[in-house]
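Here are my notes for your review. Please read them with the model open beside you.

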Amino acid sequence: MNQFDLTGKVALVTGASYGIGYAIACGLAKAGAIIVFNDINQDLVNKGIAAYEAEGIKAYGYVADVTNEDQINAVVAQIAKEVGEIDILVNNAGIIKRIPMHEMTAAEFRQVIDIDLNGPFICAKAVIPAMMKRGSGKIINICSMMSELGRETVAAYAAAKGGLKMLTKNIASEYGEFNIQCNGLGPGYIATPQTAPLRELQADGSRHPFDQFIIAKTPAARWGNAEDLVGPAVFLASPASDFVNGHVLYVDGGILAYIGKQPK
Ligand code: NAP
Ligand code: GCO
C-alpha cells in the first residue's frame, strides 16, 4: 500500500488562492486529493480556481473569512453536500503585521490573533464532528519560526503562532482517540508575498538587510520556496503519519538548529 496516497480524500486548504496554501494544495492534489479552498473574496477565489486549472487541477473554491464562524460552518456544510466530507484540513490562512509592539493598537493585535489563531480554531471546530463520526481525520496547522522564536515588530504574530502550536497539541490530545491526527507544519522563511517586504532590493541594488540576515541564519543559505513544504504536507496528510500526533514539523532549512554564520 502506498502510504502517501491521498486518492479520494477531500482536502480543505484555507487561504489557498496563492502562496504557501496554493503550493500545498497542488501537492495534495498530485497525491490524489480533491482540493477545496477558501479565500476572503470572489475575485481571489476565481483567480485561485484559474491557477489550479492551469496546473491541471479541478479545485473547488468558496468565499469565506476564517474568522467568521457562520461563514465557515456554512461552507463546510456546502462542501459536504457538493464535494464530500472533509478528510484533511490545512489551516493556512494567515496575516502578519510588522509593527513595534509599543506602537501597535489593540485592534491591530486582535486582528492578527483573530485570523492566525481564532481562524484555525473555528475551522478545526467545524470539521472535527464529521471526522469523529467517520473515525478518521487530519488537521495540519501552519505554524512558524515564531511558534518558537520572537523578534522585533511581530509580537501579535508570534503570540498567535505560539498559541497555534499549543492549539495543535491540544487538538491532538483531545481527539487522538477518534483517529484524528493534528500536527503543525512550521515553515522557515519562505519567499511568498507575505515576506516580499523583507526581500526588497535596496536603492543601491543591494539585498535587504533582513534578507542577508536570514541567509546567515539558515544553514541551507537560502530562502525556502513554497514547494519545499509540499512533501512534508503530504506526509502529515497521509496514512504515513497516522501515529504522528501533536508534532510540529519544522521545514526551515535548519534555522532552529543554527546559531548563525559568523559575520565576516
Ligand atoms: P500570503 O501569501 O499572505 O497568503 C495568505 C493567504 O491567506 C492569502 O490568500 C490571504 O488572502 C488569505 N487570508 C488572509 N486572511 C484571511 C481570512 N481572514 N480568511 C481567509 N483567508 C485569508 O501568506 P503565505 O506566506 O502564503 O503564508 C501562508 C501561511 O503560512 C500563513 O499562516 C503564514 O503565517 C504562514 N507562514 C508563512 C511563512 C513565510 O515565510 N511566508 C513562514 C511561516 C509561516 P488575501 O490575499 O485576501 O489576504
Ligand atoms: C517575519 C516573517 C516571518 C515569516 C515566518 C517565519 O516578519 O519575521 O514574516 O514571521 O513569515 O512566519 O517562519
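How are helix 1 and helix 7 oriented relative to each other? The points below start there. Bear in mind that this is a predicted model.

1. Helix 1 and helix 7. Helix 1 spans residues 19–30 and helix 7 spans residues 230–237. Their axes come within 9 Å and cross at roughly 60°. An angle from 65 to 115 degrees would count as roughly perpendicular, and one under 35 degrees as roughly parallel. Helix 1 and helix 7 are therefore oblique to each other. Their crossing is right-handed.

2. Residues at that crossing. From helix 1 come Ala23, Ile24, Gly27 and Leu28. They meet Val230, Ala233, Val234 and Ala237 of helix 7. By class, the contact of helix 1 with helix 7 has 7 nonpolar residues, 1 polar and no charged.

3. Helix 4 and helix 5. Helix 4 covers residues 106–134, and helix 5 covers residues 155–175. They pack at an angle of about 15°, with axes 8 Å apart. That angle makes helix 4 roughly parallel to helix 5. The crossing of helix 4 and helix 5 is right-handed.

4. Residues between helix 4 and helix 5. Helix 4 contributes residues including Phe109, Val112, Ile113, Asp116, Leu117 and Phe121. Among their counterparts in helix 5 are Ala156, Tyr157, Lys161, Leu164, Leu167 and Ile171. The contact of helix 4 with helix 5 divides into 18 nonpolar, 1 polar and 2 charged residues.

5. Ligand 1. How many residues surround ligand 1? There are 28, and the closest are Tyr18, Asp39, Asn92, Tyr157 and Thr192. An oxygen atom of ligand 1 sits 2.6 Å from a side-chain N or O atom of Tyr157. A polar backbone atom of Asn92 is 2.7 Å from an oxygen atom of ligand 1. For Gly188, a backbone N or O atom is 3.5 Å from an oxygen atom of ligand 1. Please check that last pair against your own cut-off.

6. Ligand 2. Around ligand 2 there are 14 residues. Arg98, Ser144, Arg151, Tyr157 and Gln194 come nearest. The side chains of Tyr157 and Gln194 each place an N or O atom 2.7 Å from an oxygen atom of ligand 2. Pro187 has a polar backbone atom 2.9 Å from an oxygen atom of ligand 2.

Note on methods:
Residues are numbered from 1 along each chain as its sequence is written. Chains are lettered from A and ligands numbered from 1 in the order in which they are written. This is a predicted model: local features need pLDDT of at least 70, side-chain atom pairs count only at pLDDT 80 or more; totals for chains, interfaces and linings use all residues. Side-chain values use heavy atoms; hydrogens and water are left out. Axes are lines fitted to C-alpha atoms, for helices over the stretch in contact, and angles run from 0 to 180 degrees between N-to-C directions. Helices (H or I, at least four residues) and strands (E, at least two) are DSSP runs, numbered from the N terminus. Angles under 35 degrees count as roughly parallel, over 145 as roughly antiparallel, 65 to 115 as roughly perpendicular and the rest as oblique. A crossing is left-handed if the near helix is turned anticlockwise from the far one by less than a right angle, and right-handed if clockwise. Contact means heavy atoms within 4.5 Å. Ala, Val, Leu, Ile, Met, Phe, Trp, Tyr, Cys and Pro count as nonpolar, Asp, Glu, Lys and Arg as charged, and the others, Gly among them, as polar. A residue is near a molecule or strand if one of its heavy atoms lies within 4 Å of it. A polar contact is a pair of N or O atoms within 3.5 Å; within protein, one must be able to donate a hydrogen and the other to accept it, and residues adjacent in sequence count only if both atoms are side-chain atoms.
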